[in-house]
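I opened this entry to record what I looked up in one model. Overall build comes first, then one residue.

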Amino acid sequence: MAEQKVKLLGFWVSPFVYRVIWALKLKGIDYEYIEEDIFNKSPLLLQLNPIHKKVPVLIHGDRVICESYVIVQYIDETWPHCPLLPQHPYERAMARFWADFAETKLLIIMAIALCARGEVQERAVKQAMEAVEKIEGVVKGKKLFGGESIGYLDICLGWMSYWLPGWEEVGGMQIIDPIKFPATSSWMNTFLHHPVIGDNLPARDAMIEYFQKRSKDISESDWFEGIIRLHLQP
């Protein structure tokens, strides 16, 4: 089964897609990349992911797998060499816990901070820094979350090393203070300079330009206020 053809539907600037790219590259798996226009979704994407209608989507033979975390775990179990998830069940559970924590308590809040201004942005920045403080405690004393080599949690939180600084620039804010969060800053630098990671990133200038426009569009949308109320603490 592992020898069947692999295809990946993605979007050039999506950190969720890059999780899958990094996992495939770290394991040396050949794949065909298919770029999607997420603002004009193809019939193929709608057919393969009719529930969420989002990338990434992994095609492995006649199997279709959606959602970045699920895809990375599928890759790790299908190609068990160079394991990404820890071998011990407790450590695997903790990796999944902190991956979910970063997604729900940091990434979503960072998206709000990127698009908001004024008092709402200040609240989002404060909440994001509280989440980073928790992550700092997890990575303290470690080179990488996975130890000496990149693991599942490094991949899941890898967006922090590249996308987060870009969002800080676009939003005119600072979340990762190297003095306040030295372990997180060191991990970000180590992760970003791994050759597989550094060679597989979107062009920074183009990324910044994209998020400048995208953040403006989101801030002016009818549904942004609902996202703020749902995720941001009073």
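I worked from a predicted model, in which local features need pLDDT of at least 70, side-chain atom pairs count only at pLDDT 80 or more, and totals for chains, interfaces and linings use all residues. Residues are numbered from 1 along each chain as its sequence is written, and side-chain values use heavy atoms, with hydrogens and water left out.

**Whole protein**

I found 11 helices and four strands (DSSP runs: H or I of at least four residues for helices, E of at least two for strands, numbered from the N terminus). The radius of gyration is 18 Å, close to the 17 Å of the globule rule for 234 residues, so the protein is as compact as a globular protein of that length (C-alpha atoms; the rule is 2.2 Å times the number of residues to the power 0.38). I noted a C-alpha box of roughly 55 × 45 × 30 Å along the principal axes. Buried residues (under 20% relative accessible area, 1.4 Å probe, protein chains only) make up 49% of the 234.

**Ser 215**

I then looked up Ser 215, which lies in helix 10, residues 204-219. Is Ser 215 buried or exposed? Ser 215 counts as buried because its relative accessibility is 6%. I listed its contacts (heavy atoms within 4.5 Å): leaving out residues up to four places away in sequence, Ser 215 touches Leu 114, Cys 115 and Val 170. The side chain of Ser 215 also reaches the backbone oxygen of Gln 212, at 3.1 Å.

Definitions and conventions. Buried < 20%, exposed > 50% of the residue type's maximum accessible area, 1.4 Å probe, protein only. Polar contact = N/O pair within 3.5 Å; in protein donor to acceptor, adjacent residues only side chain to side chain.
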